[in-house]
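Me: I'd like to learn how to read a protein model, one feature at a time. Could you take me through this one?

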Amino acid sequence: MTVDEKLVEKKVKSTEIYDGKLLHVFSDEVELPNGRHSSREYIKHNGAVGIVPLTENGEVIYVKQYRYPIDKVTVEIPAGKIDPGEEKFAAAQRELKEETGLTAGKWTYLGSLFPSVAYTTEVIHLYLAQDLKSGKQRLDEDEFLNVYKMKLSEFTDKVMNNEICDSKTEIAILKTAKLTGNEK
């Protein structure tokens, strides 16, 4: 057994305490590495995607939308949840079209991130979308957002100046800047 394997907790019992539309909350009993028992509460989430649509002029297409949990209008890359049984790339294509009306001829996978490893299983898969074509936006009936453009270099500055509060957006923008050589 390696040193890191000695950190692993073992699930003893799992109880679903909330079964919602978007998330499912569990309370598990675990056996700790020292043999004692403890509890862990966490959220199971189906996962999500985030897309950086980058124009040939070096502009990022982004959205502003109101986020109820933090009571703020946020600046974000287009994003959304993966539907049950849906592949992550198909979700990225769907979300880009729904939120911006755009389709992309070139896609680059930027990797994934866990936005909060302490209490959720959510993983967000990030993509760079290029060779963009305009189309008709198809927002969900309960979705309200506005679409804007910003130079990637300006967006990167806003991330570094703590003007962007959304973690997936920050990470995706910095990865895009590094990948495209547009770090400043």
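What follows is a talk through the fold, the helices and a few single residues.

Me: What should I keep in mind before I start?

Reply: This is a predicted model, in which local features need pLDDT of at least 70, side-chain atom pairs count only at pLDDT 80 or more, and totals for chains, interfaces and linings use all residues. Residues are numbered from 1 along each chain as its sequence is written, and side-chain values use heavy atoms, with hydrogens and water left out.

Me: How many helices and strands are there in the protein?

Reply: Helices (H or I, at least four residues) and strands (E, at least two) are DSSP runs, numbered from the N terminus. Here you get 3 helices and 10 strands. Walking along the sequence, the order is β-β-β-β-β-β-β-α-β-β-β-α-α. The C-alpha atoms fill a box of roughly 60 × 40 × 30 Å along the principal axes.

Me: And how do I read burial and contacts for the whole protein?

Reply: Buried means under 20% relative accessible area, exposed over 50%, and partly exposed in between (1.4 Å probe, protein chains only). Of the 184 residues in the protein, 39% are buried. Contact means heavy atoms within 4.5 Å. Take the contacts between residues at least 6 apart in sequence: 56% of them join residues at least 24 apart.

Me: What residues of helix 1 are buried?

Reply: Helix 1 covers residues 88–100, and its buried residues are A91, A92, E95, L96, K97, E98, E99 and T100. Those buried residues pack against quite a list of strands: strand 4 (48–53), strand 5, strand 7 (79–81), strand 8 (103–113), strand 9 (124–133) and strand 10 (145–151). Just past the helix, G101 has a positive phi of about 85 degrees.

Me: How do I check the length of a helix?

Reply: The expected span is 1.5 Å times one less than the number of residues. For the 13 residues of helix 1 that should give 18 Å, and the end C-alpha atoms are 18 Å apart, so the two agree. Helix 3 (residues 167–180) passes too: its 14 residues should span 20 Å, and its end C-alpha atoms are 20 Å apart.

Me: Which residues are buried in helix 2?

Reply: In helix 2 (residues 152–160) they are L152, F155, T156 and V159. Their arc is only 100 degrees around the axis, which places them on the same side of helix 2. The buried residues of helix 2 pack against strand 5, strand 6 (72–76), strand 10 and helix 3. N162 follows helix 2, and its phi is positive, near 60 degrees.

Me: Is Q65 buried or exposed?

Reply: Buried, with a relative accessible area of 8%. Q65 belongs to strand 5 (residues 59–67). Leaving aside neighbours within four places in sequence, Q65 is in contact with K72, V73, T74, E76, F144 and L145. Q65 and F144 are 79 residues apart along the chain, yet their C-alpha atoms are separated by 6.5 Å.

Me: Where is T121?

Reply: T121 is in the loop between strand 8 and strand 9, and at 34% relative accessibility it counts as partly exposed. Leaving aside neighbours within four places in sequence, T121 touches Y42, I43, K44, H45 and F114.

Key:
The arc is that of the directions from the helix axis to the C-beta atoms.
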